[in-house]
Amino acid sequence: MRALLPSGGALIGLDLGTKTIGTAFCDAGWSFATPATTIKRRKFLADREELRTAIASRNVRGIVLGLPRNLDGSEGPRAQSTRAFARNIADLGLPILLWDERWSTQAVERSMIEQDVSRGKRAERIDSAAAAYILQGAIDALMLG
């Protein structure tokens with residue numbers, strides 16, 4: 001798994017949805033992930049250009065893309081769509097790690113509720129927070145492995 005990504009250098013985490021793409025970044029030392037912006041999805045080429053701009057702004061060296069598996073670990077249509085998205089952004093020239101995101105959104109939402117974040121604020125922040133959760137899980141595993 002670690003061989004897919006360069007050692008060191010910032011990474012971008014992506015939580016791919018049908019209407020939005022949540023983004024997060026980690027530091028070059030892979031210590032912590034921080035939520036960033038949420039991209040409102042349009043046509044693929046426009047989405048890819050927004051990603052390209054975000055990647056260039058942080059000197060990103062790799063991509064961690066949340067892979068939505070079913071609870072039993074199998075892959076359904078959303079996972080297939082995510083794999084297709086990964087193939088389509090391969091021309092960005094960065095290694096891509098698909099990371100199991102089964103519980104990311106639920107965990108983030110539960111945490112926000114515990115912090116008494118209003119429903120409106122949760123809606124604004126959930127996708128980028130889920131991207132940070134996915135990215136943090138990946139870098140924690142990569143640092144241990």
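**Charged side chains and their setting**

Modeller: Glu-75 counts as partly exposed, at 30% relative accessibility; this class lies between buried, under 20% relative accessible area, and exposed, over 50% (1.4 Å probe, protein chains only). The model is predicted, so local features need pLDDT of at least 70 and side-chain atom pairs count only at pLDDT 80 or more, while totals for chains, interfaces and linings use all residues. Residues are numbered from 1 along each chain as its sequence is written, and side-chain values use heavy atoms, with hydrogens and water left out.

Glu-75 forms a salt bridge with the side chain of Arg-83, at 2.8 Å from N to O. The term salt bridge means a side-chain nitrogen of Lys or Arg within 4 Å of a carboxyl oxygen of Asp or Glu. Arg-83 is likewise partly exposed, at 31% relative accessibility. Together with Arg-69, these residues make up a network of salt bridges.

The whole structure holds six salt bridges. Side chains of opposite charge can pair when their charged atoms come close. One of the pairs is Arg-52 with Glu-49, whose closest N and O atoms are 3.1 Å apart. These two residues are three apart in helix H1 (residues 44–58), so about one helical turn separates them. Helices (H or I, at least four residues) and strands (E, at least two) are DSSP runs, numbered from the N terminus. Arg-52 has a relative accessible area of 32% and is partly exposed; Glu-49, at 38%, is partly exposed as well. Another pair is Arg-42 with Glu-50, at 3.1 Å from N to O. Here Arg-42 counts as exposed, at 53% relative accessibility, whereas Glu-50 is partly exposed, at 32%.

Asp-127, in helix H4 (residues 119–144), presents another picture. This residue is buried yet has no salt bridge, and the nearest side chain of opposite charge, Lys-40, lies 7.1 Å away. For such charges, Lys and Arg count as positive and Asp and Glu as negative, while His and the chain ends are not counted. Leaving out residues up to four places away in sequence, Asp-127 touches Asp-15, Thr-20, Gly-22 and Thr-38; contact means heavy atoms within 4.5 Å.

The setting includes an open sheet of five strands in the order S3-S2-S1-S4-S5, with mixed pairing. Two strands pair if DSSP finds at least two bridges between them. Strands S3 (33–40) and S5 (96–100) are at the edges with a single partner strand each, so one side of each has no neighbour in the sheet. S5 runs parallel to strand S4 (residues 60–67), and five bridges join them; Leu-65 has Leu-98 in S5 as its bridge partner.

The largest nonpolar core has 17 residues, and those with the most contacts inside it include Ile-12, Leu-51 and Phe-85. Such a core is a set of buried Ala, Val, Leu, Ile, Met, Phe, Trp, Tyr and Cys residues joined through side-chain atoms within 4.5 Å. S1, S2, H1, S4 and H2 each give two or more residues to this core. Beyond its neighbours within four places in sequence, Phe-85 contacts several residues, among them Leu-14, Arg-41, Leu-51 and Leu-65. Another core, of 15 residues, lies apart from the largest one and includes Ala-131 and Leu-142.
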